[in-house]
Amino acid sequence: MPDPTGEAPSASPPPPASMSLGAALRAGRRDLGLSQRALAERAGLSKSVLARLELDGRSATLAQAEAALHALGMGLCVVDRDHSTAHLYPREVSLPEPG
């Protein structure tokens with residue numbers, strides 16, 4: 001269930017790029033002092049789905065990951081292999097040429 005105020009919590013500093021999605025979710029949740037159940041409710045997910053995400057589960061979807069990140073005040077960015085387009089879930093932006 002989304003936050004009743006309609007606002008995402010203030011974002012923590014971004015996690016290091018080498019951190020896994022599960023570790024980033026877990027760290028963000030702990031930074032806000034939330035239980036898995038509380039974050040799952042904010043994100044509109046079941047506790048078991050959130051637990052799978054935190055364990056880098058393979059059966060979780062991109063939409064579930066985005067919902068959990070949004071509930072923490074974070075976002076998701078996927079960059080094409082050629083680095084020409086960044087997909088800021090759920091929208092796309094073109095990136096400038098490197099260099």
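This is a predicted model: local features need pLDDT of at least 70, side-chain atom pairs count only at pLDDT 80 or more; totals for chains, interfaces and linings use all residues.
In soluble globular proteins, nonpolar side chains tend to be buried together.

H4 spans residues 62-71. Its buried residues are Gln64, Ala65, Ala67, Ala68, Leu69 and Ala71, and they pack against H1, H2 and H3. Ala68 shows this in detail: leaving aside neighbours within four places in sequence, Ala68 is in contact with Leu25, Leu39, Ala43, Leu45, Leu50 and Leu53. Among these partners, Leu39 also belongs to the residues of H2 that meet H3, and Leu50 to the residues of H3 that meet H2.

The pairing of H2 with H3 can be described next. Two packed helices are described by the angle between their axes and the distance between the axes. The axes of H2 and H3 come within 8 Å and cross at roughly 105 degrees. Angles of 65 to 115 degrees count as roughly perpendicular, so H2 and H3 are roughly perpendicular to each other. On the H2 side the contact is made by Gln36, Arg37, Leu39 and Ala40, and on the H3 side by Lys47, Leu50, Ala51 and Glu54. By type, these residues divide into four nonpolar, one polar and three charged.

Which residues does Arg29 touch, not counting those up to four places away in sequence? Arg29 lies in helix H1, residues 21-31. Its relative accessible area is 9%; buried means under 20%, so Arg29 is buried. Arg29 touches Leu34, Ser35, Gln36, Leu39, Leu50, Glu54 and Leu72. Of these, Gln36 and Leu39 are in H2 and Leu50 and Glu54 are in H3, and these four take part in the contact of H2 with H3.

The chain leaves H4 through a loop. Gly73 lies in this loop, between H4 and strand S1 (77-79). Gly73 follows H4 and has a positive phi, near 80 degrees. With a relative accessible area of 26%, Gly73 is partly exposed. Gly73 and Gly28 are 45 residues apart in sequence, and their C-alpha atoms are 8.8 Å apart in space.

Technical notes: Residues are numbered from 1 along each chain as its sequence is written. Side-chain values use heavy atoms; hydrogens and water are left out. Helices (H or I, at least four residues) and strands (E, at least two) are DSSP runs, numbered from the N terminus. Buried means under 20% relative accessible area, exposed over 50%, partly exposed in between (1.4 Å probe, protein chains only). Contact means heavy atoms within 4.5 Å. Axes are lines fitted to C-alpha atoms, for helices over the stretch in contact, and angles run from 0 to 180 degrees between N-to-C directions. Angles under 35 degrees count as roughly parallel, over 145 as roughly antiparallel, 65 to 115 as roughly perpendicular and the rest as oblique. Ala, Val, Leu, Ile, Met, Phe, Trp, Tyr, Cys and Pro count as nonpolar, Asp, Glu, Lys and Arg as charged, and the others, Gly among them, as polar.
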